Amino acid sequence: MVAATGEIARDVPEVPGGRRVLGHAMEFRRDPLALFQRARAHGDVVRIRFGPFPVYLLNSPDAIRQALVGQARKLEKGISFGRVGQLIGNGLVLSSGEYHHRQRRLMQPAFHRSEIARYMDTMRDVAVPRIEAWPDGGTLALDRELRSITLTVLTRTLLSSDIDREAIDEIERLLRVLLAELLPEGIIANIPALAWVPTRSNRRFAAASRRLGALLTGIIEGYREAGADHGDLMSILMHAHDDETGTSMTGRQLRDEATTLVIAGSETTGNTLAWACYLLAQHPEIAERLHQEAGLALSAGDAGDAGHETLDRLPFTRAVVTETLRLYSPVWVLPRRAAADVDLGGYQLPAGSRMLFSPYALNRDARLHRDPSRFDPDRWATDYSRTQLRASFFPFGQGIRNCIGEGFAWAESMLLLSAIAARWKLRLADGAAVSPVVSSTLVPSELPIIVTRHQDWTS
């Protein structure tokens, strides 16, 4: 079909159930995960409405791969407005075009395999003592605990051990406010005009955003004044120069990228580990296999204290993390906006079209995964070739916007999960009812876990 710019691609089927005036906005606000799963039955590319505005949902791996890889340069991130843009500015997650390409080129050396191996020393120094100190037989709010640990890991890795505990605590408090308010009513809350209405939520968000920006700006200025190389991620970013132009990042660019890394690098990994612990608490036989692998792979005196060279000896740990990402992808929805007319899934969508796809819904599609609701880490050893895996499962994205911190996230997730599995048995507290809460990421509603030390563990 040929669609003029700004027109609705009317032969894209509309998901039934939309209201006359509001369309699907109320259902999206109430339960977006259910809406995405319901939409799969109506086609690989379907249309919903937020009031009069059409939004296209991509439901098949082929259509999504076209968006992420084949047609990627015709698509923008689609969320560079409202609260998200206010918070992270022109950081790597939101930037586009040549600017995005340049920033990624400058940042890439900081995430080289050799650097990640070095960062693991910081990960161990921060995380392992915290995990070791959990109270034997005690009940932990494990979702909050793991997000706190991963935030501290990221902050120490990014900003070195010179930053004091008080500053880290304040950053953590600010992030709790910002992430809670980021998408309070789903993506529809980010309509540009609504971001500036002086509601209590907008005021809270703006104040926390300004304070976080001021904190990070002060830290960056301190780095510049000291002129020393701290051997951390921020030092690498500050000393990076574009080979083509010889320029480095400005203070504003460093602040935007630091904000992006603190948010993306702590919340997502913390929630992945929380969901993994939730699943292990429900499947003690899998938890025991994880414990046995940690004991075999790691030396007796340093169990749980993995190094980068150890990760290859933890294949089942990696499978557990992978299966957790399939069932509870922290990034539950990804938006795009067409900068030009674009062909996706057999339809031409006009420039300006907004589209969404949900890793949560895709990963629970029975056409792609047998018994998709079942927690089965072994499926990754038996069911999938690499080609099939890349086509249907991409927890860190694909193409030019594949997550730059993927290697960091894998290393941290496997290190922390092996440390937990080596030391602790996990049991969900009696009466606890855990469900996914849609926020900026997919968060457990609550996660009270009773931790009991393994009898064969000696520290």
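Select Val69: setting aside neighbours within four places in sequence, Val69 is in contact with Gln398 and Gly399 (contact means heavy atoms within 4.5 Å). What you have open is a predicted model, where local features need pLDDT of at least 70, side-chain atom pairs count only at pLDDT 80 or more, and totals for chains, interfaces and linings use all residues. Residues are numbered from 1 along each chain as its sequence is written, and side-chain values use heavy atoms, with hydrogens and water left out.

Val69 sits in helix α3 (residues 61–70). Helices here are DSSP runs of H or I with at least four residues, strands are runs of E with at least two, and both are numbered from the N terminus.

Next, pick α7 (residues 142–159) and α17 (residues 406–423). Their axes come within 12 Å and cross at roughly 130°; axes are lines fitted to C-alpha atoms, for helices over the stretch in contact, and angles run from 0 to 180 degrees between N-to-C directions. The pair is therefore oblique (under 35 degrees is roughly parallel, over 145 roughly antiparallel, 65 to 115 roughly perpendicular, the rest oblique). Show side chains and you'll find Leu146, Ile149, Thr150, Val153, Leu154 and Thr157 of α7 meeting Phe408, Glu412, Leu416 and Ile420 of α17.

On the α12 side, look for Leu290, His291 and Ala294; on the α17 side, Leu417, Ser418, Ala421 and Ala422.

Now jump to α5 (residues 97–107). Which of its residues are buried? Colour His100, Arg102, Gln103, Arg104, Leu106 and Met107. The buried residues of α5 pack against α10 (233–239) and α11 (251–282).

Last stop: strand β9 (residues 424–428). One face, with Trp424, Leu426 and Leu428, is covered, while Lys425 and Arg427 make up the uncovered one. To finish, click Leu428, which stands opposite Ile449 in β12.

Conventions. Buried < 20%, exposed > 50% of the residue type's maximum accessible area, 1.4 Å probe, protein only. Pairing = 2+ DSSP bridges.
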